[in-house]
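This report walks through selected local features of one chain. Please keep the sequence and the structure open while reading.

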Amino acid sequence: MFIQTEETPNPETLKFLPGQEISPDQPRDFATPEAAESSFLARELFRVDGVVRVFAGADYVSVTKAESVEWPHLKPAVLGAIMDALQADKPLFGDAAHEGHAEYHGEAAGVVKEIKEIIDTRVRPAVAQDGGDIVFHGYDADSGVVSLHMRGACAGCPSSTMTLKAGIENLLRHYVPEVTAVEAVM
């Protein structure tokens, strides 16, 4: 098995491309070893000393390392863990609970639908190329502020604030006039 790697805008995160589906039904973010309990793949990666976050996209895995560890020392162990997990006869993921979101009614429901459509069709595919993901978290109809959750390589990326403000905020404000600002939530 040959696994390609790509750098991401986040110097602490590498994108690993094994040439097969990883999580085609939904992206999965594991910010801690405790969050990884439902995933065989993520558990194996967190066993590698220096791994601090795992994100599984449709056909890739983004792995974030601790600042104190260098990729040349960590990369072989991460590649081995991914390869072992993919070759094991076990499901990569168990049943994960889906995050609940507030329900929106009236005019706010229409605005939220537009926001989600723009995020899903224009933003998420672009950030997935960099090994990350951005998902809708909430919308405050009174202030016009959209809250987004940054995952994978986007979480903690030095350029994520610029992406959020200069890119996503401008895009949403252009297409959805009710949006006044965009902010990241943890």
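## An aromatic pair across the chain

Tyrosine 104 has 21% relative accessibility, so the residue counts as partly exposed. The model is predicted. Phenylalanine 136 has a relative accessible area of 7% and is therefore buried. The cut-off for buried is under 20%.

What geometry do the rings of tyrosine 104 and phenylalanine 136 adopt? Their centres are 6.2 Å apart and their planes stand at 65°, so the pair is edge-to-face. The pair ties together distant parts of the chain. Tyrosine 104 sits in the loop between α2 (71-87) and α3, while phenylalanine 136 belongs to strand β6, 32 residues apart.

## Other aromatic contacts

The count of aromatic pairs comes to four. One of them joins phenylalanine 55 and tyrosine 60. This pair is tilted, with 6.2 Å from centre to centre and 40° between the planes. Phenylalanine 55 and tyrosine 60 are both buried.

## Helix α3

Helix α3 covers residues 107-128, which makes 22 residues. At 1.5 Å a residue the helix should span 32 Å, and its end C-alpha atoms are 30 Å apart, so the two values agree. Yet α3 carries a kink of about 40°, centred on aspartate 120.

Which residues of α3 are buried? They are Ala108, Val111, Val112, Ile115, Ile118, Ile119, Val123, Arg124 and Val127. An α-helix has 3.6 residues a turn, so residues three or four places apart point the same way. The cover over the buried residues of α3 includes β6 (132-140), β7 (145-152) and α4 (160-175).

## Lysine 65

Lysine 65 lies in strand β5, residues 61-65. Is this lysine 65 buried or exposed? Its relative accessibility is 6%, so lysine 65 counts as buried.

What does the side chain of lysine 65 contact? It makes a polar contact with the side chain of glutamate 12, at 2.6 Å. A polar atom of the lysine 65 side chain also lies 2.6 Å from the backbone oxygen of valine 69. Neighbours within four places in sequence aside, lysine 65 is in contact with Pro11, Glu12, Gly50, Val52, Glu70, Trp71 and Leu74.

## Annotated domain

An unreviewed UniProt entry annotates residues 3-89 as "domain: Scaffold protein Nfu/NifU N-terminal". Over residues 3-89 the chain is 28% helix and 26% strand. The end C-alpha atoms of this stretch are 18 Å apart.

How values were computed:
Residues are numbered from 1 along each chain as its sequence is written. This is a predicted model: local features need pLDDT of at least 70, side-chain atom pairs count only at pLDDT 80 or more; totals for chains, interfaces and linings use all residues. Side-chain values use heavy atoms; hydrogens and water are left out. Helices (H or I, at least four residues) and strands (E, at least two) are DSSP runs, numbered from the N terminus. Buried means under 20% relative accessible area, exposed over 50%, partly exposed in between (1.4 Å probe, protein chains only). A polar contact is a pair of N or O atoms within 3.5 Å; within protein, one must be able to donate a hydrogen and the other to accept it, and residues adjacent in sequence count only if both atoms are side-chain atoms. Contact means heavy atoms within 4.5 Å. The expected span of a helix is 1.5 Å times one less than its number of residues. The bend at a residue is the angle between axes fitted to the seven residues ending there and the seven starting there. UniProt positions are given in the numbering used here, feature names are shortened, and annotations may be inferred rather than shown by experiment. Rings of Phe, Tyr and Trp (its six-membered ring) pair if their centres lie within 6.5 Å; planes under 30 degrees apart count as stacked, over 60 as edge-to-face and the rest as tilted.
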